[in-house]
Amino acid sequence: MDWKRSSVMAVALIAILGSANSLLAQAPDATLATEALSPPTRALLVQEMQALAEAMGRVHRAMVMGEHRTVATEAKGIHESFVLAQELSETQRQEIQTALPPAFLSADQAFHELSAKLVDAAIQEDVRLERLWFDEMTRACLGCHQTFAAKRFLGLAGASDRKQGAESG
């Protein structure tokens, strides 16, 4: 991949993450966001999050083994999941749109956009970009969990990106 294309992709990443992070920072009392959902809708959302975590694990394993096709397949599945679209009723779709904060919905959309970029990197067999987009997806997961699920993930409550970055790097 040439330098100009890499620069354009980096600018796009900054725009996507900047928008999502800005909205996350503005989310009022977002740690209770999913509690506003009915139990069946919340259960589907939790089911999707668990499926995403499992898919992220498969992506990681495939990345470290150089299995680009598997990375692309798993990342495509993540991109296309969008809150278990096939299992949601129209009533549940409306509930999600009205009960969840706009920042949550934007963060979810940004995460799925990042997975599409990971698909492209895997198709190109670009290990550097695979790692970049996977890292950004992981960062998006952490940010969303800190903002919207701090009660569920107590180890993330109050953690900052700077501290997490220092510990991982």
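This is a predicted model: local features need pLDDT of at least 70, side-chain atom pairs count only at pLDDT 80 or more; totals for chains, interfaces and linings use all residues.
Residues are numbered from 1 along each chain as its sequence is written, and side-chain values use heavy atoms, with hydrogens and water left out.

**View 1. Helix H2 (residues 39-64) beside helix H5 (residues 102-123)**. Helices are DSSP runs (H or I, at least four residues), numbered from the N terminus. The two axes come within 14 Å and cross at roughly 25°; axes are lines fitted to C-alpha atoms over the stretch in contact, and angles run from 0 to 180 degrees between N-to-C directions. H2 is therefore roughly parallel to H5 (angles under 35 degrees count as roughly parallel, over 145 as roughly antiparallel). The crossing is left-handed, a term used if the near helix is turned anticlockwise from the far one by less than a right angle. Leu45, Glu48, Met49, Leu52, Met56 and Val59 of H2 meet Phe104, Phe111, His112 and Leu118 of H5, where contact means heavy atoms within 4.5 Å. These contact residues comprise eight nonpolar, one polar and one charged. Ala, Val, Leu, Ile, Met, Phe, Trp, Tyr, Cys and Pro count as nonpolar, Asp, Glu, Lys and Arg as charged, and the others, Gly among them, as polar.

**View 2. Helix H3 (residues 68-81) packed against H5**. The axes of H3 and H5 are 8 Å apart, at an angle of about 160°. The two helices are therefore roughly antiparallel to each other, and their crossing is left-handed. On the H3 side the contact includes His68, Val71 and Ala72, and on the H5 side Phe111, His112 and Glu113 are among the residues involved. By class, this contact has 10 nonpolar, five polar and two charged residues.

**View 3. H2 crossing H6**. The axes of H2 and H6 come within 11 Å and cross at roughly 155°, which means that H2 is roughly antiparallel to H6. This crossing is left-handed. Met56, Val59, His60 and Met63 of H2 touch Glu130, Arg131, Phe134, Met137 and Thr138 of H6. Five of the residues in this contact are nonpolar, two polar and two charged.

**View 4. The largest pocket**. Its volume is about 620 Å³, taken as the space filled by probe spheres set on grid points joined across faces, edges and corners. A pocket is an open set of points on a 1 Å grid over the protein atoms alone, where a 1.4 Å probe fits, with protein on both sides within 12 Å along at least five of seven lines; lining residues have an atom within 4 Å of a point. Of the 26 lining residues, Met49, Cys144, His145, Ala149 and Phe153 are the closest to the centre. H2, H5 and helix H6 (127-148) are the elements that give two or more residues to the lining, and H2 gives the most, with eight. The lining divides into 16 nonpolar, five polar and five charged residues.

Technical notes
Angles under 35 degrees count as roughly parallel, over 145 as roughly antiparallel, 65 to 115 as roughly perpendicular and the rest as oblique.
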